[in-house]
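Please look over the chain below before reading on.

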Amino acid sequence: MKQTYFILTLVLTLFLNACNTKKQNSKDSDSPIIENPYLGQKPPGLTSELFAPDIVSTENLEIEGVFAPGMKEFYFTRQVKGEVPKTHVIQYKNGIWHESSAEPRSGEVFISTDGNTMHLGNEYRELTALGWSENKSLGPLFDKFPIMRLTASAAGTYVFDERDEIGTIRYSKVVDGMREEPIEFGEEINTGKWTSHPFIAPDESYIIWDSEREGGYGASDLYISFHYEDGSWGPAINMGEGINTEREDAFGSVTSDGKYFFFHTIDLEEGEGIANIFWVDAQIIENLKPK
């Protein structure tokens, strides 16, 4: 059963170490320069690597890792034995990364491309002068869908899943300022079971999600579909053995700077269970694009 349902248990606790690495030059002069970007971690190549060992990825269970636009906040979910799952936030302030807060998990975090909205499934928060607002409902158009993860493009198109065994991914566009009724994607995406955790590219050029399908590598694999110029969606492409394993590989997303692909891997059958966050150069997406 998907990680949304199970009770996570492990033994060890976390402490956060400050990170100090060499300054990375920005290729974009309009982008802020962070002295130790990506929590001070050495960026990976085309082979996926554990993200921030002993800081984010520990012997507890960590899933759902995402950077907010601007790359100065990293959100993830951790569960320690005997505690409820918590959403942790690591922020970059005054030249260092430090954990700023941890609160009981209320949904799978996605931050809008403008940085002003935090989506949490059927609810959302707005950024105010005092920080994030209280949770608000998406409204009646979405009440009938038990949403786990909702992501949004720069144009405001919502792409979201629902919590059931089959899993269905839908989208809802904004047309003439009005939010449209959600529509199911076709069989290119909605095939298999546990079809969930979609990520829509900011420019809507592709969708990434996870699902159990015939021919996969394991419990669930990450897939990508590219958006064609005629408006149709291409066939599901398995993201390959460099990403997918015999375990549950899920919750893919690309950082707002377009450089890295994040996902998590879970196996509750191994010992007391493992769950960690991985990252890899986002060039893998370009490599998968049909020529």
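What follows is a short briefing, grouped by topic.

This is a predicted model. The protein chain has a mean pLDDT of 89. Of its residues, 88% reach 70 or more.

**Confidence**

- Residues 1–31 stay under 50 in pLDDT.
- For residues 1–31 the model has 77 contacts beyond four places in sequence.

- Strand β3 covers residues 73–79 and pairs with β4 in the antiparallel sense, over six bridges.
- Glu73 has Gln91 of β4 as its bridge partner.
- β3 and β4 make a hairpin, with six residues between them. In its turn, Gly82 has a positive phi of about 85°.
- Strand β4 (residues 86–93) is mostly covered, with six of its eight residues buried.
- β4 also pairs with strand β5 (residues 96–104), again antiparallel, over eight bridges.
- Ile90 has Glu99 in β5 as its bridge partner.
- Two residues lie between the strands in the hairpin of β4 and β5. Asn94 takes a positive phi near 50° in this hairpin.

**The open sheet of four strands**

- The strand order is β11-β12-β13-β16, and the pairing is antiparallel.
- β11 (150–152) and β16 (183–184) are the edge strands, each pairing on one side only.
- Strands β12 (residues 158–160) and β13 (residues 170–172) are joined by three bridges in the antiparallel sense.
- Tyr158 stands opposite Ser172 in β13.

**Ser172**

- Is Ser172 buried or exposed? Ser172 counts as buried because its relative accessibility is 0%, and the cut-off for buried is under 20%.
- A polar atom of the Ser172 side chain lies 2.6 Å from the backbone oxygen of Glu180.

- Seven of the eight residues of strand β17 (residues 193–200) are buried, so β17 is largely enclosed by the rest of the structure.
- β17 pairs with strand β18 (residues 206–212) in the antiparallel sense, over four bridges.
- Lys193 has Glu212 in β18 as its bridge partner.
- The two strands, β17 and β18, form a hairpin with five residues between them. Glu204 in the turn has a positive phi of about 65°.

**Nonpolar cores**

- How many residues does the largest nonpolar core have? It has 26.
- The residues with the most contacts inside this core are Tyr206, Ile208, Met239, Ile243, Phe261 and Ile285.
- Two or more residues each come from β11, β12, β18, β19 (221–226), β22 (260–267) and α1 (283–288).
- β19 gives the most to this core, with three residues.
- A second, separate core has 18 residues, among them Val56, Met71, Trp97 and Ile277.
- Met239, leaving aside neighbours within four places in sequence, is in contact with Ile208, Leu222, Tyr223, Ile224, Asn244, Phe261, Ile284, Ile285 and Leu288.

Technical notes
Residues are numbered from 1 along each chain as its sequence is written. This is a predicted model: local features need pLDDT of at least 70, side-chain atom pairs count only at pLDDT 80 or more; totals for chains, interfaces and linings use all residues. Side-chain values use heavy atoms; hydrogens and water are left out. Two strands pair if DSSP finds at least two bridges between them. Buried means under 20% relative accessible area, exposed over 50%, partly exposed in between (1.4 Å probe, protein chains only). A polar contact is a pair of N or O atoms within 3.5 Å; within protein, one must be able to donate a hydrogen and the other to accept it, and residues adjacent in sequence count only if both atoms are side-chain atoms. A nonpolar core is a set of buried Ala, Val, Leu, Ile, Met, Phe, Trp, Tyr and Cys residues joined through side-chain atoms within 4.5 Å. Contact means heavy atoms within 4.5 Å. pLDDT is the predictor's confidence in each residue, from 0 to 100.
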